[in-house]
Amino acid sequence: MTAVEETTWRGRTEPGPKYLSLARTTLQQAIAYRITTLFNVGLTFIWVIILYYLWRSAYAGRTSIGGLTWDQMRTYVVIAYGINALVGWRTGSAMMATIRTGDVVFEMVRPLNYCTTQLARSVGYTVVEGAVSLAFTLAIGLIFLHIEAPASVAAALLFVLALIIGFLTKVLVVFLVSLLTFWTLNGMGLMWSQQAIMQILSGTIVPLALMPAWLQVIAGVLPLRGIVSTPLQLYLGQSTGWDAVGLLGLQLFWLVALWVLANLAWRRAFRIVEIQGG
């Protein structure tokens with residue numbers, strides 16, 4: 001077998017290249033549906049503008065709220081929605097649609113891990129839709145809203161690391177919620193509920209430091225804080241040293257736990273599938 005034939009055969013049999021192909025295919029779909037992508041980008045920015053003016057009114061006559069200055073809050077609002085846009089609606093809605101229509105059976109016969117398959121597709125969407133949303137939001141924020149730069153080089157590096165872990169965490173949470181469609185058969189309510197809970201407990205709308213004490217305790221230990229709040233705490237330099245290590249450790253713990261739970265939940269859902277008709 002020649003080197004080229006060996007490489008081609010390895011690509012057909014090893015799972016890694018197959019997941020890369022899935023991500024690339026999803027990326028091409030996101031590019032093909034440009035209007036939907038641009039709509040999602042525009043929707044993200046509308047929310048940034050609304051929250052920006054709400055918080056600006058709240059800061060009128062005040063130097064800080066909950067330990068955050070107006071400069072920090074302005075930065076928080078812009079970047080929070082940029083991060084939140086990394087995993088958009090299409091990741092969950094596409095999975096729910098295949099479950100509802102029965103097309104999920106094609107996923108079942110493929111020799112691939114279903115959870116990793118959805119993760120690969122999320123990466124494809126994110127490269128186009130999420131990255132464009134984040135870049136567009138940051139560009140507008142830097143030029144017109146004068147958001148702050150990372151607190152330090154170390155803060156910037158930790159932010160990127162936390163951002164990647166947070167992205168994977170959000171994909172797994174969306175995966176678990178989407179799996180519930182096997183039992184509910186309709187995912188619309190699940191999607192709206194997931195969006196509302198995630199935006200609150202991740203700190204997208206309001207930083208965790210401004211929440212009531214009892215809610216801070218709950219949100220502080222849940223995985224959702226790792227999606228937005230933890231990366232932004234590191235970006236703003238509010239968590240350094242062992243505090244930063246603790247936050248990253250909590251993120252990694254939840255990432256592993258959610259991965260295990262997602263695969264167990266998929267096996268459980270797989271057993272209840274009933275195929276009718278031919």
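Let's start with two helices: α7 (residues 114–145) and α13 (residues 241–272) have axes that come within 9 Å and cross at roughly 120°. Keep in mind that this is a predicted model, where local features need pLDDT of at least 70, side-chain atom pairs count only at pLDDT 80 or more, and totals for chains, interfaces and linings use all residues. Residues are numbered from 1 along each chain as its sequence is written, and side-chain values use heavy atoms, with hydrogens and water left out.

- Helices here are DSSP runs (H or I, at least four residues), numbered from the N terminus.
- The axes are lines fitted to C-alpha atoms over the stretch in contact, with angles from 0 to 180 degrees between N-to-C directions.
- On the α7 side, Y114, C115 and T116 meet W259, A262, N263 and W266 of α13; contact means heavy atoms within 4.5 Å.
- The residues of this contact split into five nonpolar, two polar and no charged (Ala, Val, Leu, Ile, Met, Phe, Trp, Tyr, Cys and Pro are nonpolar, Asp, Glu, Lys and Arg charged, and the others, Gly among them, polar).

**K170, a buried lysine**

- K170 sits in helix α8 (residues 153–179).
- With a relative accessible area of 4%, K170 is buried (buried is under 20%, exposed over 50%, partly exposed in between, using a 1.4 Å probe and protein chains only).
- Setting aside neighbours within four places in sequence, K170 touches N84, V87, M198 and I227.

**The salt bridge**

- The count comes to one salt bridge, meaning a side-chain nitrogen of Lys or Arg within 4 Å of a carboxyl oxygen of Asp or Glu.
- D71 pairs with R74 in a salt bridge, and their closest N and O atoms are 2.7 Å apart.
- D71 and R74 are three residues apart in helix α4 (residues 70–84), so about one helical turn separates them.
- D71 is partly exposed at 34% relative accessibility, whereas R74 is buried at 11%.

**F39 on α3**

- F39 belongs to helix α3 (residues 34–58) and is exposed, with a relative accessible area of 54%.
- F39 and E129 lie 90 residues apart in sequence, yet 9.8 Å apart in space, C-alpha to C-alpha.

**Confidence**

- Mean pLDDT (the predictor's confidence in each residue, from 0 to 100) is 82 for the chain, and 90% of its residues reach 70 or more.
- Confidence is lowest in helix α1 (residues 3–13), with a mean of 49, and highest in helix α12 (residues 229–235), at 94.
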